[in-house]
Amino acid sequence: LTALADAAEENQANLYQVFTRLKSGTHLLVQLIGLWQNLSPDEMTILKATFLPLMQDSQELGWEECVDAAVTHLLRTCLSKSSRDQTLSLTSQLSMPKDTNRLKKHITLLCDRLSKGGRLSLTTDSAQQAATISGCQTIPESELEQRMTDSATDETSP
């Protein structure tokens, strides 16, 4: 039982470390795209909401699925090439991908469309669009950090 508890603590520490790396890398990516395309503060907010859902991973849904869904939403709305693309909706439910190739492809398309003059906007001709995808609820960035601090405090207290 003690070995299982130690393994769980080690896994939690590893998860925290990976979460921190993912958060840092994603912030860097968002900043680089913003500087590269000279995005306005409103556009940066949309880009951050797209790439930083910062939700808790579960067995069914993780960061990759939420970001892929959000990027796909932007590609089909404000970054669509034609009005026909805007009428398409997400037909499949979010599921665990086999690999990250689809996410890479969508991020590449997003950067390509931004480089060709596309702009991030929450409004379209027909209605106002939300930059978040249902099922991907945001959590405060510090929640995981707070849990790690709380667990460390519990371990040190007698």
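First, what we are looking at. This is a predicted model, in which local features need pLDDT of at least 70 and side-chain atom pairs count only at pLDDT 80 or more, while totals for chains, interfaces and linings use all residues. Residues are numbered from 1 along each chain as its sequence is written, and side-chain values use heavy atoms, with hydrogens and water left out.

Now the overview. The chain has six helices and zero strands, so its elements, read from the N terminus, run α-α-α-α-α-α, where helices (H or I, at least four residues) and strands (E, at least two) are DSSP runs numbered from the N terminus. Of the 158 residues, 33% count as buried. Buried means under 20% relative accessible area, exposed means over 50%, and partly exposed is in between, with a 1.4 Å probe and protein chains only. Contact means heavy atoms within 4.5 Å. Among contacts in the chain with a separation of 6 or more, 72% come from residues 24 or more positions apart.

Axes here are lines fitted to C-alpha atoms, for helices over the stretch in contact, and angles run from 0 to 180 degrees between N-to-C directions. On the H1 side, the contact is made by Thr26, Leu29, Val30, Gln31, Ile33 and Gly34, and on the H2 side by Met44, Leu47, Lys48 and Phe51. By class, that contact has six nonpolar, three polar and one charged residues. For the classes, Ala, Val, Leu, Ile, Met, Phe, Trp, Tyr, Cys and Pro count as nonpolar, Asp, Glu, Lys and Arg as charged, and the others, Gly among them, as polar.

Between these two helices is a loop, and Asn38 is found in it. Asn38 has a positive phi of about 50° although it is not a glycine. For background, most residues other than glycine have a negative phi. Is Asn38 buried or exposed? At 65% relative accessibility, Asn38 counts as exposed.

On to H2 and H3, the latter being residues 63-76. They pack at an angle of about 140°, with their axes 7 Å apart. That makes H2 oblique to H3. Ile46, Thr50 and Phe51 in H2 meet Trp63, Val67, Ala70, Val71 and Leu74 in H3. This contact has seven nonpolar, one polar and no charged residues.

The last pair is H1, residues 2-37, with H5, residues 101-115. They pack at about 20°, with their axes 10 Å apart, and are therefore roughly parallel to each other. H1 passes H5 in a right-handed crossing. Ile33, Trp36 and Gln37 in H1 meet Cys111, Leu114 and Ser115 in H5. The classes here are four nonpolar, two polar and no charged residues.

Two of those residues deserve a second look. Gln37 lies in H1 and is buried, with a relative accessible area of 12%. Leaving out residues up to four places away in sequence, Gln37 touches Leu114, Ser115 and Arg119. Cys111, at 18% relative accessibility, also counts as buried, and Cys78 is buried at 18% as well.

Notes. Parallel < 35°, antiparallel > 145°, perpendicular 65-115°, else oblique. Left-handed = near helix turned anticlockwise from the far one by under 90°.
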